[in-house]
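Please keep the model open beside you while reading.

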Amino acid sequence: MRADDSTAPAAPGFTGPRWLLPSALAVELAPGTAPGTGRPGRPLRRTVRDWIVDLSCFLVAVAIGLTVADSFPGERDLPEVVAAADQLLGALACAAVWLRRRWPLGLAIAMVPLGFLSTTSAGACTVALFTLAVHRPFRYVAWVGGAQVALFPLLAWVRPDPTLAYAPSVAWSVLFTVTVIGWGMFVRSRRQLMLSLRDRARRAETEARLRAEQAQRLAREDIAREMHDVLAHRLTLLSVHAGALEFRPDAPREEIARAAGVIRESAHEALQDLREIIGVLRAGEPDDGGRPQPTLAALDTLVAESRQAGMKVTLDQRVTDGAAVPASVGRTAYRIAQECLTNARKHAPGAEVAVTVTGGPGDGLDVYVRNPAPVGDVPPVPGSGQGLIGLTERATLTGGRLEHGAWGDGGFEVRAWLPWPARP
């Protein structure tokens, strides 16, 4: 009979010796085995433990059969042919115990009439019923066990026990059968617990992997937004100054030198930003040793760069205690202003851009960027609108909001509010 499988591994795979497990569990708990990969219709290869248990079950079936036959003195007075048939059926029943793993239901059903006809097959009937309780759901055990219990009164009447009265004999047989079924169901529940722990561990590993992949995807999206915000700003500066040199080849030497310096500096900054972004992508995680991220304090430098590029920009910054602005809020405000200035250079060249930043602790930070309609016709720019989508998502992630739309007579406005908690 099978011992209690109380050593349930909490890991997805069983790391101990495989022969310590039954074949049904060894297949499911083997490392790298997916749930339900057992091949239906094909017998499982017995483990060392299975051979030991099956041999023990065979010996127990033989011992119980001989003990039961010897306890009935009336069986010795049977005709020789009947006694030989009884012993032959008992031997066949005990030999069939070796097939209990492959056909537990069929063997248990066959043992019901066989146990009534042959007293030496009582042990095999017990082992078959226990195996059915271990390997099949309760509904099958209930039908087969119920049939055996229903035959006990008739069996006790046909072959009475000389040591017990009729009622105690029936009660003892019923109690013994219920005990065998209960033991088998207990073993089955323990095995199901082992499999459920394995499935739970695998689900936890899968969820952890999905969370890691999601975190990586979000990090890469953040990097993509940074790449768009930073490189677009740098490249538009390059485009503006390169265009000025192209259309003003006769400009004074000082202006050409200044434009060339701005182009060189912008190209250097763009390459530096691109190098950092590529380094992050290769490393798989942010590099804390890189250049510090811009905050609200760098807004003056951003406006100065835009003015050097020939833009008309006014900055109205009325922030209470700007040094106390949270880093994430200040960085988001900077990126909003940077993207709006980039869009103004692309879609409204020559128009004056007004940047207004106000707010304080507890009230939040308000960012307004407005520009009037461009002078003349401006050709459409491919991919327009992606930057505003990224800005809206960035503001939402910080707990704020961003709106944009037409302003004045053909102009454009971006309005953002970012949370700024009050001082504790």
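1. Helix H9 lies across strands E1 and E2 (352-360), running at about 170° to E1. Contact means heavy atoms within 4.5 Å, axes are lines fitted to C-alpha atoms (for helices over the stretch in contact), and angles run from 0 to 180 degrees between N-to-C directions. Helices (H or I, at least four residues) and strands (E, at least two) are DSSP runs, numbered from the N terminus.

2. This is a predicted model, in which local features need pLDDT of at least 70, side-chain atom pairs count only at pLDDT 80 or more, and totals for chains, interfaces and linings use all residues. Residues are numbered from 1 along each chain as its sequence is written, and side-chain values use heavy atoms, with hydrogens and water left out.

3. H9 (residues 299-308) also packs against helix H10 (residues 327-347) at an angle of about 10°, the axes being 10 Å apart. That makes the two helices roughly parallel, a term for angles under 35 degrees. On the H9 side the contact is made by Leu-299, Leu-302 and Ser-306, and on the H10 side by Tyr-334, Ala-337, Gln-338, Leu-341 and Arg-345.

4. The open sheet is formed by 5 strands in the order E1-E2-E3-E5-E4, with mixed pairing; two strands pair if DSSP finds at least two bridges between them. E1 (312-319) and E4 (401-407) stand at the edges, each with a single partner strand, so one side of each is left without a neighbour in the sheet.

5. Strands E3 (residues 364-371) and E5 (residues 411-418) run antiparallel and are joined by 7 bridges; Leu-365 has Leu-418 of E5 as its bridge partner.

Methods. Angles under 35 degrees count as roughly parallel, over 145 as roughly antiparallel, 65 to 115 as roughly perpendicular and the rest as oblique.
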